[in-house]
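Work through the following exercises with the sequence and the model side by side.

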Amino acid sequence: MLIENLVGIREVSAQENFIRWRSTSPRRHGIRNLRFGGNTVSLLCDAGEVSVTATRPFTLEFNGVRHACPAGKTRLAPAEPALI
């Protein structure tokens with residue numbers, strides 16, 4: 001519940017190699033060392049920019065926009081949050 005309600009991570013699928021993250025907070029937030037399907041991922045949102053670190057490639061859906069995240073470090077400047 002903490003990850004869903006405070007951080008906004010709605011779905012993690014090891015089978016689909018996918019994370020769905022819906023962020024509505026303007027404050028710096030995220031999660032470190034989230035493990036799923038042999039992958040370890042850290043996600044941080046700060047001032048609208050998302051930093052992703054992963055040991056393996058995966059797909060991140062952030063506020064309704066899908067991003068192919070490679071292994072290593074990635075920075076995303078996502079679109080405006082989708083309306084509920």
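**Exercise 1. The surface and the fold**

Solution. The accessible area, computed by the Shrake-Rupley method with a 1.4 Å probe and, for residues, with only the protein chains shown counting as cover, comes to about 5,400 Å² for the chain, and carbon and sulfur atoms supply 51% of it. Before going further, note that this is a predicted model, in which local features need a pLDDT of at least 70 and side-chain atom pairs count only at pLDDT 80 or more, while totals for chains, interfaces and linings use all residues. Residues are numbered from 1 along each chain as its sequence is written, and side-chain values use heavy atoms, with hydrogens and water left out.

Next, turn to the elements, where helices (H or I, at least four residues) and strands (E, at least two) are DSSP runs numbered from the N terminus. The chain has one helix and eight strands, and their order from the N terminus is α-β-β-β-β-β-β-β-β. Finally, 37% of the 84 residues are buried, where buried means under 20% relative accessible area, exposed means over 50%, and partly exposed lies in between (1.4 Å probe, protein chains only).

**Exercise 2. Confidence**

Over which residues is the pLDDT below 50?

Solution. Start with the whole chain: pLDDT, the predictor's confidence in each residue from 0 to 100, averages 87, and 86% of the residues score at least 70. The stretch with a pLDDT below 50 is residues 80-84, which has seven contacts in the model beyond near neighbours in sequence, a contact being heavy atoms within 4.5 Å. Where pLDDT is low, the predicted coordinates should not be read in detail.

**Exercise 3. Aromatic pairs**

How many aromatic pairs does a search of the whole structure find?

Solution. The rule is that rings of Phe, Tyr and Trp (its six-membered ring) pair if their centres lie within 6.5 Å, and that planes under 30 degrees apart count as stacked, over 60 as edge-to-face and the rest as tilted. The search finds two such pairs. In one of them, Trp 21 and Phe 62 are edge-to-face, with 5.0 Å from centre to centre and 75° between the planes. Because Trp 21 belongs to strand β2 (residues 18-21) and Phe 62 to strand β6 (residues 58-62), this pair ties together parts that are 41 residues apart in sequence. Trp 21 is buried at 1% relative accessibility, and Phe 62 is buried at 3%.

Now take Phe 36 and Phe 58: their ring centres are 6.1 Å apart and their planes stand at 85°, so this pair is edge-to-face. Phe 36 lies in strand β3 (residues 29-36) and Phe 58 in strand β6, so the parts tied together are 22 residues apart in sequence. Both Phe 36 and Phe 58 are buried.

**Exercise 4. A hairpin**

How many residues stand between β3 and β4 in their hairpin?

Solution. Two strands pair if DSSP finds at least two bridges between them; here, six bridges join β3 to β4, which run antiparallel. Within this pairing, Ile 31 stands opposite Leu 43 in β4. Two residues lie between the strands of the hairpin, and Gly 37 in the turn has a positive phi of about 55°.
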